[in-house]
Amino acid sequence: MKAIVLRDLGGPELLRLEDAPDPTPGPGEAVVRLKAAALNHRDVWIRMGQYAGIKLPTILGSDGAGVVEAVGEGVDAALVGREVVINPSLDWGDDERFFGPNFRILGMPDGGTYAQLVKVAATNIHPKPAGLGWGEAAAIPLAGLTAYRALVSRAQAKPGETVFIPGIGGGAATFALLFAKKLGARVLVTSGSDEKLERAQALGADGGANYKDAGWVEKIRELSGGQGPDIVIDAVGGETYNACIDLLSAGGRIATFGATTGPAPKVETRRVYWKQLNLLGTTMGSPADFTAMLALFADGSLRPVVDRAYPLADASAAHRHMDESGQFGKIVLEIP
Ligand SMILES: NC(=O)c1ccc[n+]([C@@H]2O[C@H](COP(=O)([O-])OP(=O)(O)OC[C@H]3O[C@@H](n4cnc5c(N)ncnc54)[C@H](OP(=O)(O)O)[C@@H]3O)[C@@H](O)[C@H]2O)c1
């Protein structure tokens, strides 16, 4: 098969198309012929060497959609030919609250989806939501799962609550917006681009501020009626995390799953206890989260936000686009 193989850490130019061995399914496994993959910021962290436990060479990519090509022993042969999306949360384990010791994310060390073929446990494949294109379906898995668990399983968002999502251009952030609106919440956002703020409002955001303006915290406070949002879904980290703790309403909750701008320098614990805040950590999601998340796409009312599609061979250009925070939503790779 053709695949993008990462052999060295560094710039996007290191993502090169090569011939790689076809995977064959072992017991309990399926091989999927991919039609599309999608990028996550994780792929960039790995490429740049800023991720734990990197093993090279590797094939990146956690998101994929395609057609089941072959199945291994013990797997229903009727799956062959089915159109599927892949849950990239591998071996989550039995505990709904957190993953077990064998947990891995598809796409390093396990060969990922920047390839024509990928091998996964058959329990990780799910029917592709009808009515979505291949790129849209491939956009869902990692970011959709993470946003769903953060917003629903962890923060337990309810209709009428105000949810604040900083950095709305991000892939996971756009899913949090879609899901929060579907749940009937009010959504406020920030972005470093006024154009992205407008696009978020077109998707249902109720207000926003540009985080490059010094007054963004006050603007979000004002837009939330003065008392601050009930929930924050944060992957920006850094100073933004502390600003969110400042912003949250009394009794509010913040679900955090990333630190794009680095770790929070100093958490103001006095605000945390005085306002009786709930600080929630979350990563990816359980098989039950994935199934519940995918069900939100069943009635055709939700469409993942796809920013742009590149041919697989141009994965380096796709990474450059993510390096520059150029995207609004997910960046897709089309696989020949
Ligand atoms: N733990 C997990 O399971 C998990 C899962 C998914 C993602 N993550 C992490 O979550 C983060 C987002 O991932 P992603 O794939 O959605 O990334 P992405 O698509 O590259 O999004 C990153 C976004 O961060 C925003 N941003 C950058 N600097 C900012 C600042 N100073 N203030 C506010 N926003 C800022 C930008 O928003 P604008 O474009 O609007 O300016 C940018 O689009 C990454 O750190 C990733 O590693 C973790």
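These are my notebook entries on what I looked up in this predicted model.

**Ground rules**

I number residues from 1 along each chain as its sequence is written. Because the model is predicted, local features need pLDDT of at least 70 and side-chain atom pairs count only at pLDDT 80 or more, while totals for chains, interfaces and linings use all residues; side-chain values use heavy atoms, with hydrogens and water left out.

**Entry: the cores**

I began with the nonpolar cores, each a set of buried Ala, Val, Leu, Ile, Met, Phe, Trp, Tyr and Cys residues joined through side-chain atoms within 4.5 Å. Buried here means under 20% relative accessible area, exposed means over 50%, and partly exposed is in between (1.4 Å probe, protein chains only).

The largest core has 50 residues, and I165, F179, I233 and M293 touch the most other members. Helix α4 (residues 171-183) gives the largest share of this core, eight residues. Helices (H or I, at least four residues) and strands (E, at least two) are DSSP runs, numbered from the N terminus. At least three residues of the core come from each of domain 1 (2-140 + 297-334) and domain 2 (145-281); the domain bounds are from an automatic or database domain assignment.

I then looked up M293 and found that it touches I140, P141, G144, L145, Y148 and F179, not counting residues up to four places away in sequence. Contact means heavy atoms within 4.5 Å. I also noted a second, separate core of 41 residues, with L39, V84, L106 and L333 among them.

Is R47 buried or exposed? R47 is buried, with a relative accessible area of 2%, and its place is in helix α1 (residues 41-47). Leaving aside neighbours within four places in sequence, I found R47 in contact with L6, L9, G10, G11, P12, L15, H319 and D323.

**Entry: the ligand**

How many residues surround the ligand? I read 28, the closest being H41, S191, K196, Y211 and Q327; a residue is near the ligand if one of its heavy atoms lies within 4 Å of it.

Next I checked N and O atom pairs. An oxygen atom of the ligand lies 2.7 Å from a polar side-chain atom of K196. For Y211, a side-chain N or O atom is 2.6 Å from an oxygen atom of the ligand. The side chain of T283 has an N or O atom 3.1 Å from a nitrogen atom of the ligand. Taken alone, the ligand exposes 920 Å², and the protein buries 87% of that (Shrake-Rupley method, 1.4 Å probe).

T146 lies in helix α3 (residues 141-154) and is buried at a relative accessible area of 6%. A polar atom of its side chain is 2.8 Å from the backbone oxygen of L142. Beyond neighbours within four places in sequence, T146 is in contact with F257 and M284.

L280 sits in strand β15 (residues 278-281) and is buried too, with a relative accessible area of 15%. Leaving aside neighbours within four places in sequence, I found L280 in contact with R154, A155, R253, I254, A255 and T256.

Key: A polar contact is a pair of N or O atoms within 3.5 Å; within protein, one must be able to donate a hydrogen and the other to accept it, and residues adjacent in sequence count only if both atoms are side-chain atoms.
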